[in-house]
Amino acid sequence: MILELQQISKSFGGLQALSNISFAVPEGQIMGLLGPNGAGKTTLFNVINGVYAPSQGHVIFRGHDLKGLKPYHIARMGMARTHQIVRPLKDLTVRENVMVGACFGREGHNLAEAAQIADDIMQFVGLAERARQLAGSLNVAQKKRLELARALAARPHLLLLDEVLAGLNPAEIATMVETIRRIRDQGVTIIMIEHVMHATMKLCDQLVVLDYGKQLAAGTPAEVAANPQVIEAYLGDPKLAESLMDDAA
Amino acid sequence: MKDRPSFASEAITAEREASVKLGLLRRSPGLWLTLAIALVVGLYPALTGNVAVREVVFTMLLSVALASSLNILLGYTGYVSFGHVVFFGLGGYVGMFLLSRGMGLWLAAPAGGLASGVLAFLLGKAILRLRGAYFALATIGINEAMRAFINNFAPFGGPTGISLNFQIYTGYGGAGQALWLTYYVLLGLAIVSLVLSYLVKTSKFGLGLMAIREDEDAAEVMGVITPNAKTWAYILSAIIPGIVGALFFFKNGNIEPNDAFRLHFSIEMLVMVMLGGQGTVLGPMLGAAGYQGLRGFLVTSPLFKDVQLAVAGGLLLLIVLFIPAGAVGWLRQHFPRLRALLP
Ligand SMILES: Nc1ncnc2c1ncn2[C@@H]1O[C@H](COP(=O)(O)OP(=O)(O)O)[C@@H](O)[C@H]1O
Ligand SMILES: [Mg+2]
């Protein structure tokens, strides 16, 4: 298991954003994190990569308890993420943005090596022609790819993707799904938060469903889609659930 | 959404690429242009031997060294220090204390820089956690606290400060020679501050600083160890002002709390950096020279003599409103071809 969550809880003042979340992610898989808006998915990512300390529980990454570690420690241990609300380094070029990932990520490259890696990765995510533009001048779809490129440049063991498909058109979704699959094929373990159900069902090996900060279900896409609680609380529409089961099959 | 190509910091990468492929000597025409300007202006008084011109250029070089140092924190890291003069003042005091105890300038001035570096290290631990306006306010508080402390600190002479015995200059070839000597040392320090600024900007460390400037939380998530990077930026921005402070007050012959920790000098440093272009190597130099040129004019004009600071404030307002990137930043944006020459 590359990542283990042990009874994670997180509260903001009176708000219980996460309660008692426990699951494990096997190496080399794609794990999907589902749940309605406000379920606590992004908060869980923030707990996993050290932005927030959990109120309770432990995050174990590659055998190390991450207690007390800062995001930059965890990044250097080989965990990278994208942000749901994109955070480009606006006045730096696209290439420089990606170089930051390579310079300060797991492998800690020097500038020359980072420039090489950035060029490869911009090619891989389709940003090569944008290399010299300022990141602030990209459109939303390009900024999402920039988030991904920066994370990949760190050469992570574990990649956290927060709604990278949201706001993309069907053609862009297809491209991104293909990209994610190729990342997995390179041996990177992925946890992805997603609302686009079809894509998630097809792509993920395992799913975890959150609702109001609670872990509603976990299992393979087929198991989760057949779970009556999930159908009731989240999927709502039994017909949708059926079509999803078809996807999962 | 329309794609509008923009190339404003293309040259940064171009510079970095060049710096990787070539040695320091050939890597940036912009750096050499910057240094050439500084040298030509700096050596002009020496060639003519004109003491009045020397004094004008002395003030300019002093400002270049301070603005260029402040730029490491303000321009590259994005932290606004309103109280940067504290490092100039502390360096001055430590230098003067040691000079008055018989230490030579060659040790006393670096000691001033070291003291300022240590202060920045200690302060950094305490206040670099603050962001935005809170950090800026804290730096003002520190300057005022330091002034109050020194005012009551007997070894540094309290409110009367420290005066050097005139005899001390005989060790440097007499008072006249000592003035030239401080001038040349200051010229050297200005050059060092520009080279340092360039090296920081084109390094991996500098890339981390700029990531912090753009989005500190995102920088942390990408692995930039922000507390260390910020502390180093703060220390690097404090050392040269400390040495310059020691040098300035050595030349001056005496130091008092109100001369050493003048808050409005801090504000003038900010104006210089912003005027020339924060986050560029050339900008703070041009801004410092330009501002001091303007100030020299204002001081000699009876009409404006008393309103210099108001003019500085008004200037700052105009820059922030109309050319937030400063002169060099503006040129880089509008004349991409010139970028290699405008680091
Ligand atoms: N920093 C924070 N402070 C207070 N409340 C927060 C904070 N971050 C998230 N929340 C709250 O936690 C809940 C879960 O949010 P989030 O994790 O963003 O949901 P999701 O990503 O599943 O849509 C929401 O009610 C949100 O308002
Ligand atoms: Mg979210």
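A: A residue is called buried when its relative accessible area is under 20%, exposed when it is over 50%, and partly exposed in between. The model is a predicted one, and the values discussed here are computed from it.

Q: What makes the pair of A:D119 and A:R95 a salt bridge?
A: The closest N and O atoms of A:D119 and A:R95 are 3.0 Å apart, and because the rule asks for a Lys or Arg side-chain nitrogen within 4 Å of an Asp or Glu carboxyl oxygen, the pair qualifies as a salt bridge. The pair links distant parts of the chain, with A:D119 in helix α4 (residues 111-125) of chain A and A:R95 in helix α3 of chain A, 24 residues apart. A:R95 has a relative accessibility of 9% and counts as buried.

Q: Why is A:S19 called buried?
A: A:S19 has a relative accessible area of 18%, and because the cut-off for buried is under 20%, A:S19 is buried. A:S19 belongs to strand β2 (residues 15-25) of chain A, and apart from neighbours within four places in sequence A:S19 is in contact with A:I8, A:S9, A:G213 and A:K214.

Q: Why does B:V53 count as partly exposed?
A: B:V53 has a relative accessibility of 23%, and because buried requires a value under 20% and exposed one over 50%, B:V53 counts as partly exposed. B:V53 sits in helix α3 (residues 51-77) of chain B, and its contacts, leaving aside neighbours within four places in sequence, are with B:Y44 and B:P45.

Q: What makes A:T42 and A:Q84 count as coordinating the magnesium ion (ligand 2)?
A: The atoms concerned, OG1 of A:T42 and OE1 of A:Q84, are at 2.0 to 2.2 Å from the magnesium ion (ligand 2), and because donors are N, O and S atoms within 2.8 Å of such a metal, A:T42 and A:Q84 coordinate the ion. The two are 42 residues apart, with A:T42 in helix α1 (residues 41-48) of chain A and A:Q84 in the loop between β6 (79-81) and α3 (94-104) of chain A. A:T42, at 25% relative accessibility, counts as partly exposed, and so does A:Q84 at 31%.

Q: How do you know that B:D215 and A:R87 meet in a salt bridge?
A: The N to O distance between the side chains of B:D215 and A:R87 is 2.8 Å, and because the limit for a salt bridge is within 4 Å, the pair meets the rule. Between chain B and chain A the count is two salt bridges. A:R87 and B:D215 also belong to a network of salt bridges with B:R131, B:E216, B:D217 and B:K230.

Q: What makes B:K230 and B:E216 a salt bridge?
A: Their closest N and O atoms are 2.6 Å apart, and because the cut-off is within 4 Å, B:K230 forms a salt bridge with B:E216. B:K230 lies in helix α10 of chain B and B:E216 in helix α9 of chain B, so the pair ties together parts that are 14 residues apart in sequence. Both B:K230 and B:E216 are buried.

Definitions and conventions: Residues numbered from 1 in each chain as written. Chains lettered and ligands numbered in written order. Predicted model: local features only at pLDDT ≥ 70, side-chain atom pairs only at ≥ 80, totals over all residues. Heavy atoms only, no water. Helix = DSSP H or I, 4+ residues; strand = E, 2+ residues; numbered from the N terminus. Buried < 20%, exposed > 50% of the residue type's maximum accessible area, 1.4 Å probe, protein only. Contact = heavy atoms within 4.5 Å. Donors = N, O, S within 2.8 Å, 3.2 Å for Na, K, Ca; no water.
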